[in-house]
Amino acid sequence: MPEPMGFYTDTTVCIGCKACEVACKEWNQLPAANGGRRELSGDSYDNTRRLDGIHWRHVKFVEQFSEDRSQERWLMMSDVCKHCVRAACLEVCPTGAIIRTEFDTVVIQADVCNGCRMCIAACPFGVIDINHASGTAQKCTLCYDRLQAGMVPACAQACPTQSIQFGPIRELKERAQRRVKQLHVLGEPRARLYGADESMLGGLNAFYLIADEPEVYGLPRDPQLPTRNLFKSATLSTVGAALVALLGVVSFRKRRMDQRV
Amino acid sequence: MSDTFFTASPHWTWWIILYFFVGGIAGGAVMLATLLRLLGKPEDQPIARLGYYLGLGGAAVSGLVLTIDLERPLRFWHMVFQSHTGLPMFKAWAPMSVGVWGLMLFGAFTLLAAAGAAAEEGRLPWPRLHILAEGALGRGIGVLASLFGLFLAGYTGVLLAVSNRPIWADSNWLGILFLFSAASTAAAALLLLATRTGHGADAAATWLARFDRRVLVLELLALIAFVVSLGQVARVLVGGWGVLLLLGVVGLGILTPLVRPEPHVRAARLVLVGGFLLRTVVLLASAPIHAAGAGVTLR
């Protein structure tokens, strides 16, 4: 068994070149959006806008301006499937299409998925969507095919600034923690890791170094598993079912008594 | 902002709304039919039989629209058998997996109950099937079909809650709300069917109307609890969806039939409209929400 592998994405060195997006699309043979017609977002320099079935890497542009637009800050973050150790998508998939690999990554088997879309609703990060070319739910596989051949994932190999680093999770975490300390010393007190420890869904095997609150990057502060609601919801519904049945029986009895009178 | 706002929509729209509506009616109708069968008199049995037919029709439609809604409909069986090993596919903690089995078992027992009812009426070329409607066997089939029917009526709300989508995962009240709504729409649909077939003046029809009014009260309470449980998230209902919920679901679908229960047929129609609108609002109000994050204002 190989040890758990993953991504450490240092957003502070991302330059928004989108080489990772292109490399991902090329390697995984993902189709163009809108059948190749160019569609501009109109309110951002980013025209990809979000992760979906045909965009497994997405460089988010966080374009911030002051009220009078005299000051601005640009944050960039190459977003990807988080390959959660406790994965919401895997938990709810009714076909068993979603599996955990020997690299501790999460993969959707395209030959098993039937496109019910439960995983899309379950993912706390909005990573998954349908790829209409295959008619199945798709997302980053952490280049499972390349990993099996001992290669580095396409995005990490293409990244020119080492914002995307690939390797054994244990090593990546040590490297990331050193980098956070360095940034604090350099006067970036807001620098922090996102998903690097086990408190978040057992740990994200694609974790981040970010320089502001998670929400600024479109990340949930405290992502949860869908089954957190299962017990309460199911119990309440069972109580409801008992009430309806009881109401039926009682109203029947009442009818009988009315008829006797 | 709720963490659910950062997720993506599963594009469950009209087919799923239709399934939630029809599946609820089917499950509720079979439960009502079994009550009439177990506790009722001989003159109640025509409406009991209609309940089983309604349940069977609803189960068939449910299976059909669920299959159509899949991106790969021919792979519907991947939810029943593991496509690689052929072993049964079942996850007790995944509502959709449990729901597939629940719907199938509901369909199977309802088929038996409906076959027994049809044989009783002499509608089938196999008259001996009437044993399916008689004695301990008939009661057992009816009770099992009803238990799966009640499951079908409520699990859809639990399925929505066991996700990470806005509104759905922000409350634990959707299951019980859908269950009450299923019971009220089932009584309404059965009442309309009874009227259509000349049984509108039966004592059982009057009982259905009275049962419906009581369930509507429960439904209203569950709806209030649901909206309150949303907390801050309830703000997304401010606007068109909230108006539809207030006027369509509460006004037309619950309060009007409660305040003006006569004539039964009009009240029943309004209950059906309200039940359909409830599922429409719950599914479609959540759909467009996707926070890309990144407030554009620099702090």
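I looked up the contact between the chains first: 63 residues of chain A and 60 residues of chain B take part, where two residues are in contact if their C-beta atoms, placed from the backbone, lie within 7 Å. The model is a predicted one, in which local features need pLDDT of at least 70 and side-chain atom pairs count only at pLDDT 80 or more, while totals for chains, interfaces and linings use all residues. Residues are numbered from 1 along each chain as its sequence is written, and chains are lettered from A and ligands numbered from 1 in the order in which they are written.

**Side of chain B that touches chain A.** I found that helix 1 (14-39), helix 3 (95-120), helix 4 (135-161), helix 5 (174-196) and helix 6 (203-230) of chain B each supply at least two residues of this side. Helices here are DSSP runs (H or I, at least four residues), numbered from the N terminus. Helix 6 of chain B gives the most, with 6 residues. By class I noted 36 nonpolar, 16 polar and 8 charged residues on this side. Ala, Val, Leu, Ile, Met, Phe, Trp, Tyr, Cys and Pro count as nonpolar, Asp, Glu, Lys and Arg as charged, and the others, Gly among them, as polar.

**Helices 1 and 4 of chain B.** Their axes (lines fitted to C-alpha atoms over the stretch in contact, with angles from 0 to 180 degrees between N-to-C directions) come within 8 Å and cross at roughly 150°. Helix 1 of chain B is therefore roughly antiparallel to helix 4 of chain B, the term for angles over 145 degrees. Among the residues that meet, I noted Gly23(B), Gly27(B) and Thr34(B) in helix 1 of chain B, and Gly142(B), Ser146(B) and Gly149(B) in helix 4 of chain B. This contact has 10 nonpolar, 9 polar and 2 charged residues.

**Helices 4 and 5 of chain B.** I read that these axes come within 7 Å and cross at roughly 155°. That makes helix 4 of chain B roughly antiparallel to helix 5 of chain B. The residues that meet include Ala153(B) and Tyr155(B) in helix 4 of chain B, and Leu174(B) and Phe178(B) in helix 5 of chain B.

**Helix 3 of chain B.** I found 20 of its 26 residues buried, meaning that 20 or more other C-beta atoms lie within 10 Å of a residue's own. Just after helix 3 of chain B, Gly122(B) has a positive phi of about 75°.

Note on methods. Angles under 35 degrees count as roughly parallel, over 145 as roughly antiparallel, 65 to 115 as roughly perpendicular and the rest as oblique. A residue is buried if 20 or more other C-beta atoms lie within 10 Å of its own, exposed if 12 or fewer, and partly exposed in between; C-beta atoms are placed from the backbone.
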